[in-house]
Amino acid sequence: MAMMNFDINDALKHYMSDPTTISTPEADGALLECENDPEGLTNPVINPVLNPIIDAVADNPDAMMRPQHVDSLQFLLKYTSVLPTHALSKIFDLVMSGLAAEADAISNDIDSPDEQDTLAHHKQLLEMYGFLLQWTIAAVEAKAAEKSSVPAARSRGKPKKGTKDDSWDSATQLQAALEVMCKVLKLKLAKIFLTTSERDTFIGLLTRPVYMILESEQRTKMTPIRMHCFKVLCVAVKHHGHGYAAQINVIQNLTYFEHLSEPMAEFLHILAETYDYPQLTDELLREISNKEFNSNDTRGPKSISAFIAKLSELAPRLVIKQMTMLAKQLDSESHTLRCALIEVCGNMVAHLSRQDERSENHKSQLNAFFDVLEERFLDVNPYCRCRTLQVYMRLCELEQKFPKRRQKAAELACRSLEDKSSNVRRNAIKLLGTLVKTHPFTVMHGAQLSRKEWQQRHDKVEEELNALQPPPGMPGLGGVNEANVTVDNDLLDEATEVGSPQKPQRPMTDEDRAAAVRKAREDAATGEAIEKLTLTRRYYNEALKFIDVLHDATAIVCQLLGSKNKSEVIEAIDYFEIGDAYNIEQNKLGIRRMLRLIWTKGNSDEGKGVQMHLIECYRRLFFEAPETFSPNDAANYVARNMISLTFGATPAELTSLEQLLATMMDAGIIPDVVVSKLWQVYGVQRREISRTQRRGAIIVLGMLATANPEIVIGEIETMLRTGLGSHGRDDLQLAKYTCIALRRINPVGRQAKESTAKFARLPNDHAVCRRLAAISEAINAIYAISKHPDTLCSAMIRRKTRQLLFVVGHVAIKQIVHLELCELDFKRRKQEKEKMAGGKTDKEKEDADELDLIGGTTEDDFTEAMAHIRERELLYGPSSLLALFGPLVSDVCAKNNVHADKGLQAAATLCLAKLMCVSSEYCEANLPLLITIMERSPDATVRSNAVIALGDMAVCFNHLIDENTDFLYRRLADDDASVKRTCLMTLTFLILAGQVKVKGQLGEMAKCLEDEDRRIADLARMFFTELSTKDNAVYNHFVDMFSLLSAGGRMDEEAFRRIIRFLLGFVEKASTSSARTNSPADRRPQDKHAKQLAEKLAARLARCETERQWNDVAFALGLLPHKNEEISKLVSDGFRVVQTAA
């Protein structure tokens, strides 16, 4: 039968241009009939043609050379898009099995001398099978891609009978085909393909499908297929000269297929390790090191970066040889590539740390990589700085600790905490936490990092060293006297030495020898002890240096707890938790500061995440006892921890702690047994319990009662016996917190609505009320036993007067609160009554409304009655007891020279302020007096109270205070920092809540941005940050603020510039945020604001009288994105030119 003369070059030429142009004249007639109607190529048509070919090839692979067989297969492959998958699968099996059989035949014939004439025939068969296999695999991959891109089950109809297209999985056949390729590549192909071009052409038939398979991300994820692909390529590169072609293909894959970055690194690793062929990796790395990427190209660098990073992880030995070349990419414009090089340096350090070698070259390499990493802490791109921190985190986990480099990393991480990028700061916190967890100072004294303990150890070693050192002037141990070291060697000439008198030496006795031996041993032991202590001291010094860095970092992390980036806040929380485990003293401060995060707004997932993270952190720190503890010991442990949280806490911290504990109580985190333990600590009558413990117990119980009032309802007798009994008399703070806990019995406001506990108010003759109102009758006893009872009672009267005035003021305030609660209760009962009457008919409702109008009380009537009581009855009613004290308090405050007692004046001012919040008439009459006190009182506390009082009055009687706000703003310049801080907080509330109108005084608040007190400066920054969220508030008041700040040139120029830069930042941010919106109309107002502000400021240039004024205006204009050429020219002309023009 005639055999086909197959020309591989011609076939490839047509295939590469267009496979459908390949001529198939000898194809079976049944197939040719479907040439114009490919849809007719169904299994019934194809199988009668395909089955005989399969049988023939199975009998002898040479049968494929028959023209009708080859053309029939090529015809079918031209129409694979419409070919049934069953038929394509049969063609795949046919070509595979034929190629495998041909490989077996060649293996038998290639070394046989008698069969050398058949090699040309085998060559043609291999080329034909290779060509058909390449085409078939391409068809299979096209079919798979088509199948994955078409949604499944688009049709609701039943599938056609006899088709199993959806069930065919070509992965198994692909794997078998790759195995056959490996089998072929193991042949001695050099004997068959005598020229390089012939060999390369054939190798290309096998490798081209492999690269095509790898282009599919889905195929690459399949480990068996990926490994078989690598095997084919490795054999082709190692034994058949495919290296250069592979290099080109790898670069193309990295350029166009991102998913191949890591697989290509894996391929090169296998090629180098298993097949001992590192040359391809070397060539690729050299080529990559010389590549230059366009700054707009993001895809190329990203893929190359992932490849280099993975390769350095898998095969660091190969990469380290080319690091000199790769290091050039550290100067690349692509930050992605720089990130990859940073990661490579980290992998190189990890690789070198695992080596046993410790040569100078090894050390120099390590130092070089560490130097690069330390430089990258200052990379211009935040992503690179983040990657550096992340690399150091991994290096911290290495067995080799690199103490000196860790110290440097800690210092750099501490500096990075002040980075402008929140992502960098967050990673810096994580690195510091990792450095703490993996620190190397665990050998001698465990892992704790208490500076106090380490300093004590250091001092002890220093003392021991000093004790062992010889006294000054004595010869050193085994050394030369320091005095001799300075002798000029020229003096020690030969004549001098000869002329020196020689001391006659007597022979050594046995005792002398024994003494000399003992002396030598003692000297050796002392020298060894000194050396050991010196090393220990160095160890302690390094530990102290590390702890000092952590203390510095902790202060900065405390500030980061207020970051707007919630993930950064969460990292800060974790850092403090880690530090607490290692007993770092400064971390206690951070754990306290964390409490305020309980107020983080929970209207977003991030906000809720911070709250939950804080609660979990506190639960682990204070509410989880060691597993070895019994239930009773665990309850005692938790109770002690809860009490300790109150020690030394500020009022603000106690308020946050109350919210935290109430939240935890609601969540069921605090068990009842712990509450019982707290009551035991509070109520125990033994004197061994300290005041702070007993006080802490009732503080915590009062906090828990905000969530569950039942906690205190059942323990009234305990509080009566303890806090309001003998212990309370000895400790007034205990009595105070007991009263606070009692107040929790009846929740108010939102808590009243949420609470299910019901408690009837106590009658006036109840023991609690009597105890609270009782007055000691010690006066009789004083006059009975005291030598000078008048002096003692005078002091007591003054003290009691102060207390009386305090009680009067506080009663007045609480009476207002009581009236408001009565009004709310009336409205609530009326609403409940209306709900109960919901079932009445319209006629009955109308009658009830008429009755209400005639004899009932409406809500408006009740409100008016409460207002009348407050305004006219409490301070001016004929039967009101408080009315008697109004004139008295005013008189005491006005005649401060007569009533000169400092405590009395403080109490009287506070009482006056509270009474002024009751009645607008009383407030108006005494407002000048209060303002005078606020201005002139020498007591900072009195001035602070007056400031707070004016703030309260601004809410109660806004019309009276609105015209006097200038007096409030003046207190921002008070000499006392506490008064300034109080005033700033008061004004912040009033302005942000809209209680007072701003009339150009914001400049005074802007000055606080540069206050020496950090807390005041932080409060001012917070105020302007919140103010910027209002409608153009900073823009609207900027010119007034600028005028006040620049007036007279009294403010330091640098401080002025920092303030202006900060304030204009809000105008720029608003403009930037608007620029991100889709609507150009949204952008115009902000651009207009910047332009208008620039025009207003530019108009001032001509009116500037001094160069400082001109510089101030020019600086502000330079910060505004006005884009006005006239203004720019005006500024560039300078001060003198402008003044002349004026």
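Trainee: Which helices each supply at least two residues of the lining of the largest cavity?

Mentor: In this predicted model, they are helix 19 (382-396) and helix 20 (403-416). The lining includes Tyr392, Leu395, Arg405 and Ala409.

Trainee: What makes that space a cavity?

Mentor: A cavity is a set of points where a 1.4 Å probe fits but cannot get out. The largest cavity holds about 80 Å³, and the whole structure has one cavity of 30 Å³ or more.

Trainee: How do the residues of its lining divide into nonpolar, polar and charged?

Mentor: Seven are nonpolar, one is polar and three are charged. Lys401, Arg405 and Arg406 are in the lining, and Lys and Arg count as charged.

Trainee: How do you know that the span of helix 52 agrees with what it should be?

Mentor: Its 14 residues (1033-1046), at 1.5 Å a residue, should span 20 Å, and the end C-alpha atoms are 20 Å apart, so the two agree. Helix 52 also has a kink of about 40°, centred on Val1039.

Trainee: What makes helix 52 mostly covered?

Mentor: Ten of its 14 residues are buried, that is, under 20% relative accessible area.

Notes:
Residues are numbered from 1 along each chain as its sequence is written. This is a predicted model: local features need pLDDT of at least 70, side-chain atom pairs count only at pLDDT 80 or more; totals for chains, interfaces and linings use all residues. Side-chain values use heavy atoms; hydrogens and water are left out. Helices (H or I, at least four residues) and strands (E, at least two) are DSSP runs, numbered from the N terminus. The expected span of a helix is 1.5 Å times one less than its number of residues. The bend at a residue is the angle between axes fitted to the seven residues ending there and the seven starting there. Buried means under 20% relative accessible area, exposed over 50%, partly exposed in between (1.4 Å probe, protein chains only). On a 1 Å grid over the protein atoms alone, a cavity is a set of points where a 1.4 Å probe fits but cannot get out, and a pocket is an open set with protein on both sides within 12 Å along at least five of seven lines; lining residues have an atom within 4 Å of a point. Grid points are joined across faces, edges and corners, and a volume is the space filled by probe spheres set on the points.
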